[in-house]
Amino acid sequence: MLMTKFKAAAAALAFAAAPAAADVDLQFYFPVAVGGAAADTIEELTAQYVAENEGVNIEAIYAGSYQDTVAKALTAARGGNAPQLSVILSVDMFTLLDEDLIMPFDDFATSEEDKAWLNSFYPAFMENSQTGGKTYGIPFQRSTPVLYWNKEAFKAAGLDPETPPATWDEMVEMGKKLTLKDDAGNVTQWGVRIPSSGFPYWLFQGLTTENGAILANADGNEVSFDDPKVVEALDYLVDLSKEHKVMAPGIIEWGATPKAFFEGQTAMMWTSTGNLTNVRKNAPFDFGVAMLPANKRRGAPTGGGNFFLFKGASDEQAKAAFDFVKWISGPEQSAKWTIATGYVAPRPETWETETMKAYAAEFPPVLVARDQLEHAVAELSTYENQRVTRIFNDALAAAITGQKTSEEALKEAQAKADAILQDYR
Amino acid sequence: MLRTRGWIHAWLLLLPGFVFLIAFTHLPALTTLWSSFFTTPRGRRPAKWAGLENYDTLIGDPIFWKVLWNNAIYAAGTIPLSIIIALVMALWVNRQLAGRGFVRMAYFTPTVLPMIAVANIWMFFYTPGFGLIDQIGGALGFGQTNILGSANSALFGVMVVTIWKEAGFFMIFYLAALQTIPTSLIEAARVEGAGGWTIFRRITLPLLMPTTLFVSINAVVNSFRMVDHIFILTGGGPDNASSLLLFYIYEVAFRFWDTAYAATLTVVLLVFLMILAIGQFFLFDRKVHYR
Amino acid sequence: MTADRILNTAGAWALALIWVLPLAYAIWTAVHPAAYEARFDLFAPLTLENFIKAWNAAPFGRYFLNTFVLVTVILAGQIVLCTFAAYAFARYQFPGRGVLFGLVLLQLLIMPDILIVENYKAIRLLDLVDTIPAIALPYIASGFGIFLLRQTFMSVPKELEEAAQVEGMSTLGILVKVYMPLAIPTYLAYGLVSVSHHWNNFLWPLIITNSVETRPVTVGLSIFSAIDSGVEWSVINAATLMTSGPLLLAFLLFQRQFVQSFMRAGIK
């Protein structure tokens, strides 16, 4: 209790520009997953809003990683002092509902303008934000995976440096040309790298979507891990190493992936758009960014965090929180945020601003993620999300490391997930 | 009268320490058992009596058996090796040696650096392709390795880091013990014609017995407790191949928010430690007596 | 004899080089640009940029302060509580002595580190989640500390105590003026173990803290290194060196005294 008060005081100092006699006080938790600049930007934007809106005081609390933020919000809520607003992974929506902590934004969208605003986001982002006909999350720091390729390596392999693989088959074909060996037969450069440590399901969902599978239903209580299309996608992933030998065998570390790309260990990599700024700054060669290759269709998951509105807020607080979220998702604010972090601006309107147009003209790869959105689907999300995705991750790891066949692994995962999810049907 | 005053003094002296000991060790150990008989409370459903349901789940949980087995391997691999290496280090640093200061400093470093930070460094060593091990291996003509990314070597990779960390720490205890062994004893043995190996086996090793016991208790506890590096190195993967009991407890409790099942897992851990405790106390009684 | 000596020296050095490698690598990456993380070129340019970057990227100053406060609070608490308890065990006969001492020894095996689930509940009940006292509380009473000090106190000659009693010193006075000074090497050895342990402790602080104001450096480091955009070893290692620097320096300077205090403390 004392600490909370102390923190409130500290925050009050930080926002000295805010009006002294604030009518509505809001607490707002946010995580940062891409380094320090993001936190500064959120704080700046919040301060700007507070300065422009008399009678509202917002305390923006940097809560650490996504894990920390959801933990902190859960603990605070259980202790009866939930924040009014928090940015949390969009996939945690069902967990938050299960804990009975959040309320829909629809209740506060009273005017026509508000309702139009609720409908102004890219549909791919809203898939993870709505259930049972209600909108519980407003997209904020959202991303999607893309393919990065090393143009110099392509040239050296006799490939057109401007043409990335557009299909699964092309990725294998090009990968074979791009995989280089030394005299002893040891690989010095791999064709492609799809990291599989930590949360392999996310990039793998690119493959399942491209193969026409949807992993979970919109109610978050059914999964289709053993769908033949999912099995086929996993076979493809496993075969990249086993059959075609264009990707390193075993689990591939997510964190070391950009470095492996810079070091020329791999000619192509799949990773988040959140890496764009990093790659631009550190790649010692010319590189390109493309949509993930297609099989039956184009496809990719979305990722990242949404705004959630917490129960326990008074009516005034909820209204003020709603207004703040609406403001921060406005075109200029959103453009500023996107440019600072590399997250994908979640509304088409943002991309129409002069700021964004100028930015995209200067650095066209940022458009790839936006253009991919029309093919994108919801990130895997269910009730008891951490547990269910963990089951899926374990199955993927078992298949990748060759302990089980894709089919065995996924059948088992399906059975385990069903056992957990049947309570929610 | 005087005697009871002495009693009261003693109890008062013990009171503050025991408040904390009981509040954060003994009581939670008991409430863990209690919690394991209930379901996990969720927002919409409060906790209710579950009887042995959690234990049923436990027996049917393949991950539990896997992490238990992993933990056994982890203990069997790290405990003896780190103790032997620590002893060898101490023996080396205790003798005349060119550059002894540097060597001792090198052995000390693991004690000072946080596990969470060195795990990042070890991750670089293990990284396939451009990591240190592969760079050295590559220069010698070996192919790429993927120690942390293969199911049969990930645990091994984690164990190496543990041994590195522990041996340096245990060495300090051995070094202190070695320096208390009277040199006259060794001189005398030498005069009688005993060789280096005989002296070590007949004099040094027996005199180090109390230290070995102390260190081995520490090593046993650590084999259940040291999981920090797993967070960075493997996250318990691939497919739980490098997960340990405490790491699994953490995941169940603080990622899945299933505190009741986490309590059940903790009960198993406590039972193991109790068995070890009883065993150790017997050993203590036999070999070392505290006046 | 000489061959034996050469062999031993070579062995000791080989092991030392392996053992110091992580630290050497941390220093290497921290003072060179990121491009040299995996390239060991003798003529790589030197830079301090990584330290500046690390310092600006996360509130390490604050984390550092948190850790400092944390280890100080824990050590102070431990010294007071363990001294009292150890003295009682060393010098008093009272009912329950055996059982209570057994409970103390039990904590050598069942450490709070393992009881994260229930201790988290307890801290939540006390409404102390995300505070520095919450990190410290489970460790304030240390079975190891009580055990160690009891050993030391028992080796203090009874005559010294009796002489002090004749002079009319109170129990507390005897403890502070007679026993504690004689146990200084034990306090030193124990203090160093305690400080290095809690400086580097991770799991419990990870669970119980979730804001900048309370996070110790280990948790700060882990968040800092687990970002979406991949591992930057040069910056992480610079951060590691910055945050472990004081401890590292203290150990390097005092390693001889450290071992000696262990020796005199009778930890063997």
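I started with handedness: H4(B) passes H1(C) in a left-handed crossing (the near helix is turned anticlockwise from the far one by less than a right angle; clockwise would be right-handed). The helices are DSSP runs of H or I with at least four residues, numbered from the N terminus.

I noted that this is a predicted model, where local features need pLDDT of at least 70, side-chain atom pairs count only at pLDDT 80 or more, and totals for chains, interfaces and linings use all residues. Residues are numbered from 1 along each chain as its sequence is written, and chains are lettered from A in the order in which they are written.

Next I looked up the geometry. The axes of H4 (residues 100–112) of chain B and H1 (residues 2–31) of chain C come within 8 Å and cross at roughly 45°; axes are lines fitted to C-alpha atoms over the stretch in contact, with angles from 0 to 180 degrees between N-to-C directions.

Who touches whom? On H4(B) I listed Phe102(B), Val103(B), Ala106(B), Tyr107(B), Thr109(B) and Pro110(B); on H1(C), Ala12(C), Trp13(C), Ala16(C), Trp19(C), Val20(C) and Leu23(C). Contact puts C-beta atoms, placed from the backbone, within 7 Å. By class I found eleven nonpolar, one polar and no charged residues here.

Zooming out, I saw 79 residues of chain B in contact with 74 of chain C. Helix H1 (residues 2–35) of chain B gives the largest share of the chain B side, 19 residues.

Last, confidence: the model scores ipTM 0.90 and pTM 0.90.

Conventions. Helix = DSSP H or I, 4+ residues; strand = E, 2+ residues; numbered from the N terminus. Contact = placed C-beta atoms within 7 Å. Nonpolar A, V, L, I, M, F, W, Y, C, P; charged D, E, K, R; others polar.
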